[in-house]
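This report goes through one protein model, from a helix pair to the chain as a whole and the confidence of the prediction.

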Amino acid sequence: MATQVQIPRVGQNTEKVTILRWLVEDGVFVQKGDDILEIEADKAALTIQAEEKGYLHRGPYQESDEVPPLTVVAVIGASEEPFPIKVEYTETSFTINNVQTGDSVLGNNDSMASIQQGKSHVSPRARRLAKEKGIDLTQVALSGIPGEAITERELDAYLRRRLPATPVARSVAAEANLDLSAVKGTGPRGIITKEDVERAQAAATSKPRTTTGIPPDGVTERIPLRGVRALVSERMAASVHTAARVTLMMEVDGTELVAMRDGLKRRVEKDWGFVPSYNDILAKICANALRQFPYMNARLTEGMIEYLRDINLGLATDTERGLVVPVIRDADKKSLRELGAEFHLLVERARDGKLLPGDLGGGTFTISNLGMFDVDAFTPIINLPETAILGVGRIAPKPVIFDGQIVVRQMLMLCLAFDHRVVDGAPAARFLKHVKGFIEEPYVWLAEF
């Protein structure tokens with residue numbers, strides 16, 4: 001029996017992922033663990049591997065197509081086992097049939113349901129455009145159409161999605177709200193590269209422009225909220241309007257923490273192969289604090305507060321695609337060396353666009369450090385359904401009163417944002433004070449860890 005290749009769930013709010021690149025041709029024999037497909041979700045490129053050995057039979061999904069999680073995009077089995085879905089096209093409608101039984105089957109989205117019921121008609125203008133562009137209308141139907149007919153608008157949107165471009169180029173274009181159809185590709189086979197997008201962006205911004213008509217007086221440009229910014233806007237707005245967010249700010253003396261890290265740098269860099277970062281140390285401290293204050297390792301689901309057994313730390317990471325939050329699972333059970341090694345690997349994958357499906361999602365608490373950008377304090381937004389997020393500011397020398405004298409100490413600001421629906425202010429403050437204590441007296445770890 002053939003093994004299905006499904007698009008994995010990536011995060012709890014991801015509704016669609018993009019097929020970036022098939023790594024194996026249709027009908028090729030693959031071994032278990034071979035890379036077969038690259039997808040993009042939440043601004044991160046992920047690789048899907050074969051779970052069994054056999055012949056790969058790809059479905060009707062092409063590069064740049066968008067599909068929902070759990071969609072079956074291929075099967076792995078015997079050489080004569082085809083993908084179980086084919087599409088038949090007539091002048092008025094499309095019908096999806098099961099190859100093996102001949103029965104009608106339901107597809108993976110609403111447009112497939114419409115097609116199955118014979119409702120997907122093609123307008124004359126859309127048919128002419130398809131003929132001019134050499135478009136396979138069955139692929140348009142399977143790529144997802146919002147209505148009951150394939151119109152010129154749906155074909156235009158399909159063409160935009162199918163433009164050959166590298167993932168980084170698509171990300172840069174989305175951030176800049178740049179129409180890829182206006183960019184000339186100079187890469188192999190005309191593929192649009194990051195450099196092509198940057199050149200087009202530079203040319204477009206050399207003079208005032210608007211994408212939504214004539215701007216009002218005093219406005220040089222109006223850009224629709226779409227792409228990555230639209231996704232971030234939707235999720236952040238949902239968090240702000242859903243959670244009863246409270247932010248606690250606490251100044252911390254990080255002098256001993258800085259000294260400890262300097263000592264670790266001298267002692268372990270050669271043996272470990274990396275220098276433990278402040279994020280690594282903070283992850284270890286927070287994992288310990290969450291174990292001692294389990295009410296912070298919780299979520300609100302369907303009117304119920306759920307306290308979670310596993311401590312999975314999300315570490316906000318800046319990449320070319322935007323902000324991603326890879327997750328270190330069971331962080332409380334790992335040593336500082338193990339946490340650092342895993343975090344460094346996740347950051348490398350994130351910045352190379354090679355995160356695995358299991359690297360994202362499932363976090364129970366997030367750390368966001370903006371200290372490297374000279375930010376002193378900020379109000380982080382909770383990554384729902386988590387209960388809290390810790391914002392970390394820069395460590396900087398500052399004159400303070402210490403042991404009755406004015407001295408210069410290394411100070412930093414911790415900013416804990418939490419959902420007041422789940423936890424009250426005093427318990428949250430106790431958690432933050434515990435984190436503060438470990439930063440100011442890191443040698444206490446000997447008694448706690």
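Is the crossing of H9 and H11 left-handed or right-handed? In this predicted model, H9 and H11 cross in a right-handed sense. Helix H9 spans residues 278–292 and helix H11 spans residues 425–440; their axes come within 10 Å, with a crossing angle of roughly 140 degrees. H9 is therefore oblique to H11, since angles over 145 degrees would be needed to count as roughly antiparallel.

On the H9 side, the contact is formed by Leu282, Ile285, Asn288, Ala289, Leu290 and Gln292. H11 contributes Phe431, His434, Val435, Phe438 and Ile439. Sorted by class, the residues in this contact of H9 with H11 are eight nonpolar and three polar, with no charged residue.

The protein as a whole has 449 residues, of which 44% count as buried. Its secondary structure consists of twelve helices and 23 strands. Among contacts with a separation of 6 or more, 59% come from residues 24 or more positions apart.

The mean pLDDT of the protein is 79, and 74% of its residues reach 70 or more.

How values were computed:
Residues are numbered from 1 along each chain as its sequence is written. This is a predicted model: local features need pLDDT of at least 70, side-chain atom pairs count only at pLDDT 80 or more; totals for chains, interfaces and linings use all residues. Side-chain values use heavy atoms; hydrogens and water are left out. pLDDT is the predictor's confidence in each residue, from 0 to 100. Axes are lines fitted to C-alpha atoms, for helices over the stretch in contact, and angles run from 0 to 180 degrees between N-to-C directions. Helices (H or I, at least four residues) and strands (E, at least two) are DSSP runs, numbered from the N terminus. Angles under 35 degrees count as roughly parallel, over 145 as roughly antiparallel, 65 to 115 as roughly perpendicular and the rest as oblique. A crossing is left-handed if the near helix is turned anticlockwise from the far one by less than a right angle, and right-handed if clockwise. Contact means heavy atoms within 4.5 Å. Ala, Val, Leu, Ile, Met, Phe, Trp, Tyr, Cys and Pro count as nonpolar, Asp, Glu, Lys and Arg as charged, and the others, Gly among them, as polar. Buried means under 20% relative accessible area, exposed over 50%, partly exposed in between (1.4 Å probe, protein chains only).
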